[in-house]
Amino acid sequence: MNQTTTDARKLRYTIVGIVLLAFMLFPVYWMVNVSLQGGGTAANSSFFPTSVTFDGYQRAWEDQTGNLVTSMIVALGAVLVSLAIATPAAYALSRFRLRGMGIFLFVLLLAQMIPGIVIANSLYTLFNDLGLLNTYVGLILANATHGIPFAILIMSAFMRSIPPALTEAARVDGAGHFRAFWSIIVPVSKNSLITAGLFSFLFAWSDFMFGLTLTTGADIKPITLGIYDYLQGNVQSWGPVMASAVISSIPAIVLLVLAQRYIAAGALGGAVK
Amino acid sequence: MTTTLAGPAPVVAPGPGAARRRSRARLRERTAQWLFLVPAIAYVFVFFGYPIVKNLVMGSQDYTVRTFVSGEAPWVGLDNYAEVVTSSLFRTTVLNTALFTVGSIVGQFVIGLLFALFFKRRFPLGNVLRSLLLLPWLLPMIAGTAVWKWILDQDGGVLNEALGSIGIAPVHWLTSPDVALIAVVMVNVWVGIPFNMTLLYSGLQNIPDELYEAGALDGATGAKAFWHITWPNLRPVVSVVLVLGVIYTLKVLDIILGLTGGGPANATQTLATDSYRRSFQEFSFGTGAAVSNILIVVSLVFAVVYLRVNKRAVDE
């Protein structure tokens with residue numbers, strides 16, 4: 001096989017790859033396309049946004065600003081809670097040998113598989129008693145259920161690869177476990193913390209279940225529920241709906257482009273580890 | 001847990017009380033170690049343990065809106081389960097759940113595997129294209145659902161437009177009980193392809209090239225190489241991907257609620273959406289819990305299968 005035929009074949013693969021990608025991302029294109037065609041009625045959308053208008057975005061902005069802020073607060077809160085709880089636990093699971101730790105690990109794996117509706121069902125009654133329905137705190141705590149088991153598993157897998165000598169040296173110098181954890185393990189594990197944090201953010205940002213069940217009013221409502229409100233009943237005008245969908249997709253798109261290697265690490269680590 | 005670090009033994013001068021001091025030091029060490037785990041354990045108890053127990057209990061209670069006012073939820077034994085199982089809806093939801101799950105898994109897996117095999121060939125831009133393919137999986141599911149609702153719209157949707165241009169009459173994707181389930185499966189397949197592809201791709205990467213080189217010498221290339229080399233070596237990953245797919249599909253709520261709300265005429269009602277409907281639309285938390293307890297049992301069966309399969313995959 002000579003060089004030119006190999007090159008020609010590789011070029012053909014690249015073209016096929018682009019076609020596959022275009023096919024898979026067509027809905028994303030359509031979302032952007034329709035969002036730029038404004039607030040017209042349910043008349044046919046044209047294939048290209050020939051006359052671009054930002055009316056859809058203007059309406060979406062009016063309807064959804066508050067919901068976007070809510071989603072941002074909840075997602076960032078969920079990241080903080082997830083990392084604060086998961087990082088020390090991951091350290092312990094990777095370093096210590098305590099009775100019952102195997103069971104805890106097993107429970108974490110199972111926890112990831114519990115259908116969210118089961119948790120929502122019970123949390124609704126619990127939060128009702130505690131006055132946590134329609135609160136940021138309630139949503140943050142509930143959303144951390146998406147991130148915590150995942151974060152613990154992915155970070156402890158990473159921390160296991162850190163040479164024990166690193167912390168032993170510090171311990172001999174008289175540092176307590178907490179100092180060793182905080183000033184050695186956390187900085188060295190930075191990448192896995194970023195991966196865990198990114199996914200905790202995306203999980204909470206995309207959450208639908210808890211927003212649907214644990215909020216009832218219009219005061220505290222995540223963007224996903226804002227979009228869901230549009231979808232109920234007959235949609236008269238798709239421009240604002242698609243504009244909201246585009247806005248809600250921005251974090252995922254930005255993270256996929258800027259933090260690709262962390263995303264790839266997380267996509268694999270969550271399942272095969 | 002590969003490394004053990006019980007902490008360096010404290011240096012104590014031998015003498016009276018040394019043993020006691022040592023055991024006190026060990027206790028302090030143990031306590032310090034446990035403190036790292038306490039927040040996580042507490043969280044898991046409250047947000048996973050409690051809901052499961054509470055849900056099991058609620059499944060046997062007459063738990064309704066009144067309960068929130070009066071605080072009373074009379075014990076009804078298995079009445080909720082009897083009501084759920086004998087309702088005419090139950091057969092429909094179980095059948096829909098099975099069809100939705102099997103249809104989604106088959107679609108996601110087959111297309112995901114084809115994509116993984118394709119991207120395993122090295123070519124310019126291959127890696128970039130492959131990682132951009134993750135997008136449908138990373139988007140908020142409700143955003144993807146929203147655009148699909150417009151794509152599938154019977155009157156102005158682009159899918160019917162495209163079908164119309166090749167002479168096919170408009171299909172009532174979301175409003176006809178005959179095709180609505182197919183439509184939601186289609187969207188769920190779209191969401192699931194990236195995940196399947198990513199895991200299968202990494203599985204393919206782990207098959208040593210030497211196997212293919214040796215196989216090629218024996219005349220195993222193309223389809224033959226796939227069946228004799230790729231498939232047997234990929235089997236452990238395949239099992240993990242399939243079982244995880246089932247577990248994730250059983251939970252799906254946003255896609256169905258967003259596209260059809262479980263309709264038309266319950267054609268897309270699954271165990272998950274039915275549990276939601278009973279608890280949060282009819283405020284019959286007792287029967288809603290009963291349905292989701294059934295869902296837990298189904299998920300747990302697959303979870304146990306997953307853990308066994310995964311353990312084998314790691315061991316190998």
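Helices here are DSSP runs of H or I with at least four residues, numbered from the N terminus. Chain A has 13 helices and 0 strands, and chain B has 14 helices and 0 strands. The predictor gives the complex an ipTM of 0.89 and a pTM of 0.88.

**How the two chains meet**

- The contact between the chains draws on 79 residues from chain A and 81 residues from chain B.
- On the chain A side, helix α5 (residues 116-130) of chain A gives the largest share, with 9 residues.
- Sorted by class, that side of chain A holds 56 nonpolar, 17 polar and 6 charged residues.

**Chain A as a whole**

- Read along the sequence, chain A follows the pattern α-α-α-α-α-α-α-α-α-α-α-α-α.
- Its C-alpha atoms fill a box of roughly 75 × 70 × 30 Å, taken along the principal axes.
- Of the 273 residues in chain A, 50% are buried.
- If you take the contacts in chain A between residues at least 6 apart in sequence, 78% of them join residues at least 24 apart.

**Chain B as a whole**

- Along its sequence, chain B reads α-α-α-α-α-α-α-α-α-α-α-α-α-α.
- Is chain B spread out or compact, judged by its radius of gyration? The radius of gyration is 26 Å, well over the 20 Å that the globule rule gives for 316 residues, so chain B is more spread out than a compact globule.
- The C-alpha atoms of chain B fill a box of roughly 95 × 75 × 30 Å along the principal axes.
- Buried residues account for 42% of the 316 residues in chain B.
- Among contacts in chain B between residues at least 6 apart in sequence, 67% join residues at least 24 apart.

- From chain B, the core draws at least three residues from each of domain 1 (18-58) and domain 2 (81-315).
- You can look at B:V184 up close: leaving aside its neighbours within four places in sequence, B:V184 is in contact with B:F100, B:I255, B:I256, B:L259, B:T260 and B:T268.

**Backbone spots to look up**

- For background, most residues other than glycine have a negative phi, and most peptide bonds are trans.
- The peptide bond from B:G263 to B:P264 is cis, with omega near -15°. You will find B:P264 in the loop between α12 (254-259) and α13 (271-281) of chain B.
- A:N134 is not a glycine, yet it has a positive phi of about 60°. It sits in the loop between α5 and α6 (136-159) of chain A.
- Why does A:N134 count as partly exposed? It has 16 other C-beta atoms within 10 Å, and a residue needs 20 or more to be buried and 12 or fewer to be exposed.
- B:F283 also has a positive phi, of about 55°, although it is not a glycine. Its place is in the loop between α13 and α14 (285-315) of chain B.
- With 14 C-beta neighbours inside 10 Å, B:F283 is partly exposed too.

**A pair in chain A**

- A:L105 lies in helix α4 (residues 101-111) of chain A, and it is partly exposed, with 16 other C-beta atoms within 10 Å.
- How many residues separate A:L105 and A:L133 in sequence? They are 28 residues apart in sequence and 30 Å apart in space, C-alpha to C-alpha.

- The mean pLDDT of chain B is 88, and 94% of its residues reach 70 or more.
- Confidence in chain B is highest in helix α4 (residues 88-120) of chain B, at a mean of 95, and lowest in helix α2 (residues 65-70) of chain B, at 80.
- Over residues 1-10 of chain B, pLDDT stays under 50, and the model has 14 contacts beyond four places in sequence for that stretch.
- Where pLDDT is low, the predicted coordinates should not be read in detail.

Terms used:
Residues numbered from 1 in each chain as written. Chains lettered and ligands numbered in written order. Predicted model: local features only at pLDDT ≥ 70, side-chain atom pairs only at ≥ 80, totals over all residues. Contact = placed C-beta atoms within 7 Å. Helix = DSSP H or I, 4+ residues; strand = E, 2+ residues; numbered from the N terminus. Nonpolar A, V, L, I, M, F, W, Y, C, P; charged D, E, K, R; others polar. Domains from an automatic or database assignment. Rg over C-alpha atoms; globule rule 2.2 N^0.38 Å. pLDDT = per-residue confidence, 0-100.
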